Each structure stands twice: as C-alpha cells, then as structure tokens.
Amino acid sequence: MSTASATPVSNHKTLEQLIALPGGQFDMGTDSAEGFPADGEGPVRKVTLAPFRISPYAVTNEEFQAFVKATGYVTEAESFGWSYVFHLLASDETKEKVKDVPQQVPWWLVVEGAYWAKPEGPDSSIEERMDHPVVHISWQDAEAFCGWSGTRLPTEAEWEFAARGGLSRKTYPWGDLLKLDGKHMCNIWQGKFPVKNNASDGYIGTAPVHAYEANGYGLYNMSGNVWEWCADWFSPGYHRQTSSNNPRFVQPTGRRSMRGGSYLCHRSYCNRYRLAARSSNTPDSSTGNCGFRVAADIEAIPSQS
C-alpha cells in the first residue's frame, strides 16, 4: 500500500503533518507464543478500515507547549501535583524528597512537581528536548489537545494498521528481527531491567520523535520510545468483542488502551514493543513514558491547494 500526500493538521502551524493512509483490510493481532494472552493480543483476524490520517510522529514538547500557551491548559499531573518518574532518570536531590514508591513497581518514583515541562521533577527541563515526545500526559490531557488541534486519537485498529506500514503479520514495523544487521531500530531498554541501561540504542530516556528509521508509511517510533494512547476503552476480549469493520471498543471499562511500548520495555519484563501488543491505564494516569500521536478522518481536514 502506498502513502498519499500529507496536509497540515488544522491551522496549527506547530503540528506535524498528518499522513493520509488508504485503509482497507489487514491482519490484526497475533497468535505468537511471544504474546500475552491475558492482554487479548489475538486471535489474528481480518479487519477493514476506512481511510484516515495519522501523524508521522508522537506529539512533541514543542507542539504541546504551543497548545498550553494558546489555551492555558493545566494537565492532570499538574493538578494532582505529582507524576511517576523512572528512578534512574531522577536526580539525587529529587530522590531524597520522594516519599512514596509503588511496592509492585518500585522503579517508579512518585515525584512531586513532575509534569510535561519538568519531566524528571522540579530540577529538570525540556529545553534541550523540544523535539522529543511530550510525556506525563493522561488520556484526558491527550483528548484536550485533540480538541484544540481539530484531531482525535487513533483507534487501536488504526494504530496497528499504521504501525505495520504495509507489512503483514510481522512482529515489528520493520520485520521479525529486533535488529537489522546489528542496527538498533527502536528505543527500548538495553541491559538488565530495571537497574542498568547501557543505552546501546543511543538513549536512556526518550529519543527525538524522528529518531531511527520510519516504517513503510513514513511513521516513526511505532515501537518503543513512549506509550501512545488510543481512543478505545481497554478490554482483553477486544478481538472477540469488536466488529471487523472499523472496530472500536466503546464500553467503559475504567482503562484506556495504549500501544507501542516505551524506552523502558525489555524482553525480560515488558515485551510489548511488538506491533500486536496491548496495554492500558486509567484515563487520568500519567507517567514519564506515556505520550500520544494524533489522527483524523480524511474529511475532517480540508485539503490545502
């Protein structure tokens, strides 16, 4: 399948161009033993989608900053006064002030004052990371950005169709091997999780949104870097409960779907940077490894001739 022409998102100049995808039928999901049955990654089925547009990149710090400046929007992490920061990314000074750590995932620190513009806490900055994906974004924050920009979140089916880049039943956007000729293709954990990241792929935390090679549709970082929110409510029975035509799970379950994995994913713990992998979180949750990209219906964006 070929990529059609791109047009800017609405009239917001800071937004990346949306790429028009043709839709059509594809094999969604996986039956691989690598999958997590409890997540509902399969069975593989034929799904048909209408044409749609999607951003080649996750929304950047620069783009989200423009949204905040234009609207005065306050994210949920700011309202709550804290967000989750990965322990190796926080400064010693910040760590000394941490009062709470989740017992089940002790590598996450509850850092007061962490939010999108100060991703590792009050002593951090995005000044040198304007082209990195914005993080500490809840599903509801992402929805607010979409409302401002005239876009929407992609459905899970749209996300997976786009991520596959025209390849059928492959594990990753580039094929079935994690590396190509020894070359890193995505930003995931390299080393022993969660204590040592040797950053052999070039990054300990987030990478620029245009890092690594694009897939067959010209989309970047569909595996790794940051988790990306989708429009659907999350259900382990997704593949058995939704239509084969433009599927979307609309029954509230308390959790929204996320796709793509992040810089913290490792085969030993979170092997969810595979194309069919799924995860979820509550709509008001924010972490230092969760962002989003935008999509739109074809007719929602007027052509600019």
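**Exercise 1.** Which strand gives the largest share of the lining of the largest pocket?

*Solution.* Begin with the pocket itself, which in this predicted model has a volume of about 550 Å³. Its lining is made up of 23 residues, and those that lie nearest the centre of the pocket are W108, W227, Y269, S279 and N281. Turning next to the elements of the chain, we find that strand β14, which covers residues 279–281, supplies three residues of this lining, the largest share. To finish, sort the lining by residue class: 13 of the residues are nonpolar, six are polar and four are charged.

**Exercise 2.** Describe the second largest pocket by its volume and by the residues closest to its centre.

*Solution.* The volume of the second largest pocket is about 240 Å³. There are 16 residues lining the second largest pocket, with R152, T155, E158, R248 and D297 closest to its centre.

**Exercise 3.** Find which members of the largest nonpolar core touch the most other members, and then follow F64 to its contacts.

*Solution.* The largest nonpolar core holds 31 residues, and the members touching the most others are F64, W116, L153, W229 and F292. Two or more residues of this core come from each of α1 (61–71), α4 (139–149) and β12 (227–233), and α4 provides the largest share, four residues. If the neighbours of F64 within four places in sequence are set aside, F64 is in contact with V59, T75, W116, V134, I137, F145 and F292. Apart from this core there is another one, of 22 residues, which includes V47, I54, A162 and A295.

Conventions:
Residues numbered from 1 in each chain as written. Predicted model: local features only at pLDDT ≥ 70, side-chain atom pairs only at ≥ 80, totals over all residues. Heavy atoms only, no water. 1 Å grid on protein atoms, 1.4 Å probe; cavity = no way out; pocket = protein on both sides within 12 Å on 5 of 7 lines; lining within 4 Å. Points joined across faces, edges and corners; volume = space filled by probe spheres on them. Nonpolar A, V, L, I, M, F, W, Y, C, P; charged D, E, K, R; others polar. Core = buried A, V, L, I, M, F, W, Y, C linked by side-chain atoms within 4.5 Å. Buried < 20%, exposed > 50% of the residue type's maximum accessible area, 1.4 Å probe, protein only. Contact = heavy atoms within 4.5 Å.
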